Amino acid sequence: VWHQVSESRERYADTLREDWMLDWPGQVVICVSSMYWTSDVEDVLMQAGLPGLQGYEETCNGNMTKLIELVRGDLQKVQRCTLEALVVIEVHNRDVVTQMISDQCADTTHFSWLAQLRYYWEDGNTIVRQINAMAKYGNEYLGNTGRLVITSLTDRCYRTLMGAVHLNLGGAPEGPAGTGKTETTKDLAKALAKQCVVYNCSDQISFREMAKLFKGLSSSGAWGCFDEFNRIDIQVLSVIAQQVATIQIAIGEGRTEFLFEGVIMKLKHGCSVFITMNPGYAGRAELPDNLKALFRPVA
C-alpha cells in the first residue's frame, strides 16, 4: 500500500485527474486525493487568504461535476465502488471549504481548518493530523470499500477519537442503539488505514478471552472495537482495566516487547482499544473508575 500511495502521488500531477482515479486502487485514490486537497487548501490560504479560498470552492465544484459525469458513465464494478467512496469524501471536502468561507477562515491556523482530518506526506510517510493530534497512516490494505457520509457529528467524534489515539488512550463513543457508534469508529480506522476488529461483548465473557484478543491486537497493531462493552460482568471489567493499562503504558514507553499476563509479547505501535456503550439500558454495568480513566468518552 505504501508503494502504491508513493507512486500514485507522483503520477497525480502528470495524469488527467479523471484517468488517474480509475488507474489506482480505491484506498490509494482516497488517500492521495485527500493529501492533494490538504496541500491545495493550505497553498491558497497562504497565497491569497479568503479570496483564494472562494476561488478554490469553484475548483472543488468543477471537480465534483467531472466526477459525477464519470459515475454516470459506463464503469466496471470495482471502479464504480472507488468513485462512490470518493464522491462521499469529495462532497465533504467541498462542504468544508464552503464552511471555512462562511467562518471567514483566512489562514492555516484558523480553527475551522485545523479541526479537519488533514493528510500530509512527510519524510516518505503519510501523516494524518487533526487539531493537535497526529497519527501515522497505517498502510493496511482494507480492500475497496464504501465510506460513511461525514456529518458534523461524525467530525466531532473523529476529533475526540483522534485526540485519544494521539494520547495513547482508547475512545469510548456512547449513545442509544443504532446511532452509528461502531460505524464511526470503523470509518476512522478506514481513514487511517488500520484494521478494525469488531467484537460483540456479552455477560459470558471471561478475562481470559479478552486477554487473547488483546494479545492479537497488540502484536498486529490493529484496532479493537468492543461493542456494548458495559454488558461485561463488573468483576471482569476491573481485570480488563489492568490489561488495557498494561498495553497503553508499554506503548507510551515506546517498547517493542512487553510482559502481558506472564508472557513476553511483541508490541506493534498503532494498536488501540475502542469501546462502545449504551448507558441506562437493562443489564448494563457502570464502568469502574480505573477503566474510565483509560478512555476518552464521546456522546
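# Reading helices, strands and loops

User: At roughly what angle do the axes of helix α6 and helix α7 cross?
Analyst: Helix α6 (residues 152-166) and helix α7 (residues 181-191) have axes that cross at roughly 65 degrees and come within 10 Å. That makes α6 roughly perpendicular to α7. Angles of 65 to 115 degrees count as roughly perpendicular, under 35 as roughly parallel, over 145 as roughly antiparallel, and the rest as oblique. Axes are lines fitted to C-alpha atoms, for helices over the stretch in contact, and angles run from 0 to 180 degrees between N-to-C directions.

User: What should I know about the model before going on?
Analyst: This is a predicted model, in which local features need pLDDT of at least 70, side-chain atom pairs count only at pLDDT 80 or more, and totals for chains, interfaces and linings use all residues. Residues are numbered from 1 along each chain as its sequence is written, and side-chain values use heavy atoms, with hydrogens and water left out.

User: Where do the labels of helices and strands come from?
Analyst: Helices (H or I, at least four residues) and strands (E, at least two) are DSSP runs, numbered from the N terminus.

User: Which hand does the crossing of α6 and α7 have, left or right?
Analyst: A crossing is right-handed if the near helix is turned clockwise from the far one by less than a right angle, and left-handed if anticlockwise. The crossing of α6 and α7 is right-handed. On the α6 side, Thr154, Cys157, Tyr158, Leu161 and Met162 make the contact; on the α7 side, Thr184, Thr185, Asp187 and Leu188 do. Contact means heavy atoms within 4.5 Å. By type, the residues of this α6 and α7 contact are five nonpolar, three polar and one charged. Ala, Val, Leu, Ile, Met, Phe, Trp, Tyr, Cys and Pro count as nonpolar, Asp, Glu, Lys and Arg as charged, and the others, Gly among them, as polar.

User: At about what angle do α8 and α9 pack?
Analyst: Helix α8 (residues 207-220) and helix α9 (residues 234-252) pack at about 20 degrees, with axes 10 Å apart. So α8 is roughly parallel to α9. Their crossing is right-handed. From α8 come Phe207, Met210, Ala211 and Phe214; they meet Val236, Val239, Ile240, Gln243, Val244 and Ile247 of α9. This contact of α8 with α9 holds nine nonpolar residues, one polar and no charged.

User: Which residues of α1 are buried?
Analyst: Buried means under 20% relative accessible area, exposed over 50%, partly exposed in between (1.4 Å probe, protein chains only). In α1 (residues 2-12), Val5, Ser6, Ser8 and Tyr12 are buried. Their cover includes α2 (17-23), α3 (26-72), β1 (118-122) and β2 (125-130).

User: In what order do the three strands of the open sheet stand?
Analyst: Strands of a sheet pair through backbone hydrogen bonds, either parallel or antiparallel. Here the order is β1-β2-β3, in an open sheet with antiparallel pairing. β1 and β3 (133-136) stand at the edges with a single partner strand each, so one side of each has no neighbour in the sheet. From one strand to the next, the twist averages 30 degrees. Two strands pair if DSSP finds at least two bridges between them. β1 and β2 have five. α3 lies across β1 and β2, at about 95 degrees to β1.

User: Where are glutamine 104 and alanine 193?
Analyst: Glutamine 104 sits in the loop between α4 (77-102) and α5 (111-114). Its phi is near 60 degrees, a positive value in a residue other than glycine. Glutamine 104 is exposed, at 52% relative accessible area. Alanine 193 lies in the loop between α7 and β5 (196-200), with a positive phi near 55 degrees. Alanine 193 is buried, at 0%.

User: What is glutamate 140 in contact with, leaving aside its neighbours within four places in sequence?
Analyst: Those contacts of glutamate 140 are Val1, Gln27, Ala193, Lys194 and Gln195. Glutamate 140 is in the loop between β3 and α6 and counts as partly exposed, at 32% relative accessibility.
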